[in-house]
Amino acid sequence: MRDVAIVSFAQSNAAREDRNEVEILLPVVKAAVADSKLERSEIGFTCSGSSDFLQGQPFAFVMALDGVGAWPPIKESHVEMDGAWALYEAWVKIQTGEVDSALVYAFGKTSSGDLAEVQALQLDPYCATQLWPDADSIAGIQARLYLERSGRSERDLAEVAARSLRDAQSNPHAVAKGDFDAAKLLAEPYRSTPLRDHDCPANSDGATAMVVVAGERAKALCDRPVWIRGFDHRIDPPALGARDLTRAPSAEIAAGRAGVGDAAVDFAELSAPYTHQELILREALGLGDEVRVNPSGGTLCAHTMMSCGLNRIGDAARRLAEGDGDRAVAHASQGHCLQQNLVCVLEGE
Amino acid sequence: MSELPTPLKSIVTPVRLEYDHSAGAAATGFLRGLKQKKILGARTGPGEPVLVPPRGADPRTSELAAELVEVSDKGTVVTYSVVRVPSENIPFELPYVCVTVLLDGANLGFFHVLQNCPLDEVRIGMRVQAHWLPDDELQENLASIQYFEPIDEPDVPFDRIKEYA
């Protein structure tokens, strides 16, 4: 295996952007490339993650290249997945030896449409989408089952929200933040029982970019390279009735293959759009109560769909690069009810 | 072996999603210009290529192209094609000519439709001008330009436009 390090990372999140995707993406890509200290022409591969359904515009990801710089022509690829999967593709490309570095980016404007409705299109078009189950309703079904199975309570969910919102106060990129008392949060009305507003993600618009570099070159580029030590992703069946929604078997397998349990974990960044999903993921990844989760506030506090998983990896890498811990776990998810999961183990030099 | 059932050929599953789209700074400037009977391009700075319509960045450098620049509604045909295939979305009678016009002052071809020109007279290098809707019907919409049409100016030699053809 080739050692691959995250050498730079930039992001932007806002509750609503009036700029177009190119205008949002351009300064973020520029910042990540500048911070990498590589010339753009030195970067061997470019890979992105986005979804045209968010924009309601076909081939939107091709237009985004205007903000990335594809002249002279570059080697480029795209996944209709969170940018974390684009990072995975870039990592594999580097493993093949074909390239030594890559620019990875992702973007999403959730404010253009009704995100919970747009997400209904991920379901089986013949037998599920017709009913238009929005994402919050489906998450509610999962949360109800989870509370029933685990013996946890709505209070536990409110505690997750309160802690995340509190931690988000020190993250300039979080869009929801504040000092809230769990007991007070419980007095708020339900959105989709047993979930209240604070249990559901703060949707946001934004972009993320990251540069990854292999081996010795990475050491020369940054003071403390953050190495990708384990990387895996797995998927569960899409049909909601076909799996136990209270667990995330694909996350569990990905965590095992990425080696999460091989050594102590200082902190974790988990992409859980809903509060109960953080608890399901903690269990699937084998993270004990002593492991700090989502010091950034997490996806709950800035749900820039398609970017938020890559943000978890970037936020974890930045924290390690700053010397705040030596080993971290970052996670991304996609699909309803944590259907697809990616786990990345990071270590500071 | 049992027979497969008769396949179901279709079901009705209406899909409707509404988007509250924001055009972004560059396209907003361009579209507002059309309502004022102006064609606005954008560039990254003085002396840099003027891109029409603007999309936010100069795709060659990926620098922000935020400076709006008005270009002429006259230009030169750099390429064309005669269309003989119907499309529900096109209001023009067949056959019609689609053209790429290098507007005076622009550095990027502008796509539109040519009218009022016999098919055998269309040629690369010919001079054309936008035909606008009446002033009180102009909108923030590319349809404010109904079509391009020939004007009585001498052709531009190919050498001067080949970079854009």
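I started at A:K37, which counts as exposed at 58% relative accessibility; for burial I use under 20% relative accessible area as buried, over 50% as exposed and partly exposed in between, with a 1.4 Å probe and protein chains only. This is a predicted model, in which local features need pLDDT of at least 70, side-chain atom pairs count only at pLDDT 80 or more, and totals for chains, interfaces and linings use all residues. Residues are numbered from 1 along each chain as its sequence is written, chains are lettered from A and ligands numbered from 1 in the order in which they are written, and side-chain values use heavy atoms, with hydrogens and water left out.

A:K37 sits in the loop between α1 (21–36) and β2 of chain A. Here helices (H or I, at least four residues) and strands (E, at least two) are DSSP runs, numbered from the N terminus.

B:S62 belongs to the loop between β2 (57–58) and β3 (63–64) of chain B. Is B:S62 buried or exposed? B:S62 counts as buried, at 1% relative accessibility.

Next I went through the cis peptide bonds. One joins A:T193 and A:P194, with omega about 0°, and A:P194 lies in the loop between β5 (190–192) and β6 (195–196) of chain A. Another runs from B:L94 to B:P95, with omega near -15°; B:P95 is in the loop between β5 (74–83) and β6 (96–103) of chain B.

**Entry: A:S48**

I then moved to strand β2 (residues 45–49) of chain A, where A:S48 is found. A:S48 is buried, with a relative accessible area of 1%. Which residues is A:S48 in contact with, leaving aside its neighbours within four places in sequence? I noted A:E76, A:S77, A:H78, A:V79, A:A86 and A:Y105, where contact means heavy atoms within 4.5 Å.

**Entry: aromatic rings**

I counted 7 aromatic pairs over all chains. The rings of A:F59 and A:F61 have centres 6.1 Å apart and planes at 40°, so I logged the pair as tilted. The rule takes rings of Phe, Tyr and Trp (its six-membered ring) with centres within 6.5 Å; planes under 30 degrees apart are stacked, over 60 edge-to-face and the rest tilted. A:F59 counts as exposed at 56% relative accessibility, while A:F61 counts as buried at 18%. I also found one aromatic cluster, formed by A:Y88, A:W91 and A:F231.

**Entry: the two chains**

Chain A has 12 helices and 12 strands. Its radius of gyration is 19 Å, close to the 20 Å that the globule rule gives for 349 residues, so chain A is as compact as a globular protein of that length. The radius is taken over C-alpha atoms, and the rule is 2.2 Å times the number of residues to the power 0.38. Of the 349 residues of chain A, 63% count as buried.

Chain B has 2 helices and 9 strands. The radius of gyration of chain B is 21 Å, well over the 15 Å that the globule rule gives for 165 residues, so chain B is more spread out than a compact globule. Buried residues make up 36% of the 165 residues in chain B.
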